Amino acid sequence: MQRALRCARCHGVILITTKSAQRGETRVNITAKWGVNTDGRIQYDYIDNPGEYYVAHYTALRNYLVNVRKQNPGQAHINANRYIGESASAGNGGLGYMVYNVPAGELLIGTNGKLNPNAVLGNRVAYKGNIYTLYPDNWLDNGTRDGFRQEYNINITGGNDRYTILGNFGYLKEDGLTYGNDFDRISARIKTDYQAYDFLRIGGNASYNHTVTNVHNAAFGTTYTAPIYPLFIRDADGNIMSDAHGLGYDYGNGVNGGLTRPVETNYNPIQDDLLSVNNNSSNAFSIQGYATADFLKYFKFTVNGSVYVTENRMNTAYDPWYGYNALTKGYVWVGHYRTTDTNYQQLLNFNHVIGLHSIDVLLGHEYSMQSQTSLSADKKNVALYGTNTELSGAIINGDMGSDISKYNVEGFFMRAQYDYDNRYFGSVSFRRDGSSRFAPGHRWGNFWSVGGAWIMTKEEWFPKSNMVNMLKYKISYGEQGNDGIGNYRYTDRYNITNSNNEVAFVFSSKGNRNITWETVGSFNTGIEFELFNSRLRGSVDYYDRKTRNMLIWFSAPSSIGYSGYYDNVGDMVNRGVEIDLSGDIFATRDFTWTVGLNMSWQHNEVTYLPEDKKGYTCDGYNGYTDSYYFVGEGLPMYTWRIKRYAGVNDKGEPLYYRTNADGNLETTNIYSNGDYYLCGTALPDLFGGFTTSFKIFDFDLSAQFNYSIGGRKWDSGYQSLMTPPYGQIVGRSYHRDIYNAWTPENPDSNIPRWQYDDMTFANASDRWLIDGSYLSLRNITLGYTFPRSMTSKLKMQSLRIYASCENLYYWTKRKGFDPRMSLVTGSYGDNYSPMRNISGGISVQF
């Protein structure tokens, strides 16, 4: 039945309930936690050895010289060795750096395709009268760290028959995994309630949060840089050189031995993390207040008001000394953002109990307003960088601007609930909402719900036994609205620009005055139960949610002047079953073992599209394309529409399927001649989690797992690692799977031949789709609660110590692939993945 009440509307909150103080003596609870953050990612199976990488790159060059340049194997072998250390700008696929010292007259790679055993890491080169030592470094190890985390909280409650108060104060500080990442937060909250008169109760809730966030994590992207490149500049003896600003980092721009790095040219992500600024200082205030007056015995009138204000001052700055930043002599940007949310509610409640009948009726009005303002500017040529990153410390003006955006919602609502003998329950609700995100004439929507429940075990005729302790049936239907598309999407928007010192209006985005509320109608039915002396508890629910007038971004060809617009494009259904179980396998005084399981099956399908949105047919379905997806009637959302990979031919060239004039499948080695097919959906078939917990005397141990089964995800990280070098795009990491590529000696491989400048090797196809199933160990916690006989002597109510590990490990179809990162794709090297946190803490209550 609660589901029906929530379905009335998805915006705003009818009633707000937060943790309140308890009447009685004062209670003080203190918690402290210390821990370390580590990298929770599992890396792909990169080629991380410099020698192996040179061999892999040599192989690509040699195959290119034989198959494209038509050189004989001997010539190709010699030239591949010669080209491999050349500058990429020479156009022969050179890597720009040779970090091995090879004896005179010998080659780096032998005719057997293996590294010369006489090659030694640490090559010395002369440049402008100096000797430099080229030695590869592990960029990721140098750019990441284990971060310390500490958190403290104090919670104080107290009060009497007329007055209660709750106060909370907290501090959190943690270091991120990269040297440009850290987070600080100070928080405080106070909540009070006061019974002013027998008929009047008032209260308030105020909170403040101050956070300082520094986010610069360029180091994560270094996993896609070849393991042959030096991070530092070294002298003739191999010592890391330094300058006025610290260690000498190699920017790949010719400073280190006159060599140019083809990847991350004129840039060093590790020093960028150390020197650059990306700071956000935020202050968030909230004030909530209420007054409730009882009158005429059964009536209650409540007025709620709340204001939330968030201020963000952001500062981005780049040093004036190195790489691309030196070209502008440094850069600084400052922005200020303020978001103000206000909400006002007036609630009239009628509550009356007549014998076994309980009636509760609520009438209300709600008005919410959000105002967002921004102001920003940037400058170049920064003075005194390091002590100054403000606009006043730079001299060349850049862009500047400010704007304001407003969003209003108003609603009128009612709710009626009925309860007979705490056995039969009924509820109906209705609300009418208007949103400023739609044009006049389309702003108002009506949403309603109805629900009921029946506790069958309270019937006299129900058998009384320890087998079935509680059995409840529930059913509901409700509709809710969605306007979550951003502001001003119903109108065309223009940017104001300077055209020879005259005002000019430049088209920015296309509006649609016909868009209106997206409506989700939800039917839910199910049972809740407690069995075997309540040792097995659970629920089974069936839901059928139909979304009408889906608000979706509709892509349009750029040739018409804009990329797309929001529209109500059709209807969609989500049907499924949710199961939630919890049981005590053992339950004694000194030992308890409890397990829990929840699982959700879901079927998603687009059931209707208007005719003007069905301009394309694929595999017999009508709809429209959206990048790599196809939205069509009878199909789930996020259905892939891509070319199907068909393996390789007898030359090792990739093949793709196509349908000939007779309707039969055939293959082609010309990518553009391949056809597009539907290749499944990214949505999972089943997902959920399970837990287990033990309590042995005063010790407790628990573990939590999440899982997902099914769905096809795009492994963009693997695709990048399996892309051969081409043109001057060289020096990227390779996956070890290239060792299994097609060769005349390995003709049964379905991986194309590994060849430089092969632009078809890694083209978009279902080759990069992979089963998105995963199992994740989210948490393990071990704790000990000291016995009351001990804590009472220390004047404590309770004392607990514990150790915990968050985001411990995950298992997926391919090492390095992390489908938890996105609904449709897997992990990529420059993502800031969830951290693994290992911590210990103490909780004391007085």
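Lys643 has Tyr676 of strand 35 as its bridge partner. This is a predicted model, in which local features need pLDDT of at least 70 and side-chain atom pairs count only at pLDDT 80 or more, while totals for chains, interfaces and linings use all residues. Residues are numbered from 1 along each chain as its sequence is written, and side-chain values use heavy atoms, with hydrogens and water left out. Helices (H or I, at least four residues) and strands (E, at least two) are DSSP runs numbered from the N terminus, and two strands pair if DSSP finds at least two bridges between them.

**The five-strand sheet**

- Strand 31 (residues 639-643) and strand 35 run antiparallel and are joined by four bridges.
- The two belong to an open sheet of five strands in the order 28-29-30-31-35, with antiparallel pairing.
- Strand 28 (616-618) and strand 35 (676-681) each have a single partner strand, so one side of each edge strand is left without a neighbour in the sheet.
- From one strand to the next, the twist averages 50°; axes are lines fitted to C-alpha atoms, for helices over the stretch in contact, and angles run from 0 to 180 degrees between N-to-C directions.

- Another open sheet has three strands in the order 32-33-34, and its pairing is antiparallel.
- Its edges are strand 32 (645-648) and strand 34 (665-668), each with a single partner strand, so one side of each is left without a neighbour in the sheet.
- Neighbouring strands of this sheet are turned by 35° against each other on average, direction ignored.
- Two bridges pair strand 32 with strand 33 (residues 654-659) in the antiparallel sense, and Tyr645 has Tyr656 of strand 33 as its bridge partner.

**Strands 37, 40 and 41**

- Strand 37 (residues 699-709) pairs with strand 40 (residues 774-785) in the antiparallel sense over 10 bridges.
- Strand 40 is also joined to strand 41 (residues 798-812) by 11 bridges, and these two run antiparallel.
- Asn779 of strand 40 stands opposite Gln704 and also opposite Glu806 in strand 41.

- The 18 residues of helix 2 (residues 50-67) should span 26 Å at 1.5 Å a residue, and the end C-alpha atoms are 26 Å apart, which agrees; the expected span is 1.5 Å times one less than the number of residues.
- Buried means under 20% relative accessible area, exposed over 50%, and partly exposed in between (1.4 Å probe, protein chains only).
- Asn49 caps the N-terminal end of helix 2, with a side-chain oxygen 2.9 Å from the backbone nitrogen of Gly51.
- His77 is placed in helix 3 (residues 73-83) and is buried, with a relative accessible area of 9%.
- Leaving aside residues up to four places away in sequence, His77 touches Tyr58, Arg62, Leu107, Ile109, Gly110 and Thr111; contact means heavy atoms within 4.5 Å.

**Positive phi in loops**

- Most residues other than glycine have a negative phi.
- Lys70 has a positive phi, near 60°. Lys70 lies in the loop between helix 2 and helix 3 and is exposed, with a relative accessible area of 65%.
- Asp757 has a positive phi too, near 65°. Asp757 is in the loop between helix 7 (716-721) and strand 39 (769-771), and at 33% relative accessibility it counts as partly exposed.

**Strand 5**

- Asn130 is in strand 5 (residues 130-134) and counts as partly exposed at 40% relative accessibility.
- C-alpha to C-alpha, Asn130 and Asp235 are 8.1 Å apart in space, and they are 105 residues apart in sequence.

**The whole protein and its confidence**

- The protein has eight helices and 42 strands, and 46% of its 846 residues are buried.
- Taken along the principal axes, its C-alpha atoms fill a box of roughly 105 × 75 × 75 Å.
- Of the contacts between residues at least 6 apart in sequence, 67% join residues at least 24 apart.
- The mean pLDDT is 92, and 96% of residues reach 70 or more; pLDDT is the predictor's confidence in each residue, from 0 to 100.
- Over residues 1-19 pLDDT stays under 50, and the model has 62 contacts for them beyond four places in sequence.

Notes:
A polar contact is a pair of N or O atoms within 3.5 Å; within protein, one must be able to donate a hydrogen and the other to accept it, and residues adjacent in sequence count only if both atoms are side-chain atoms.
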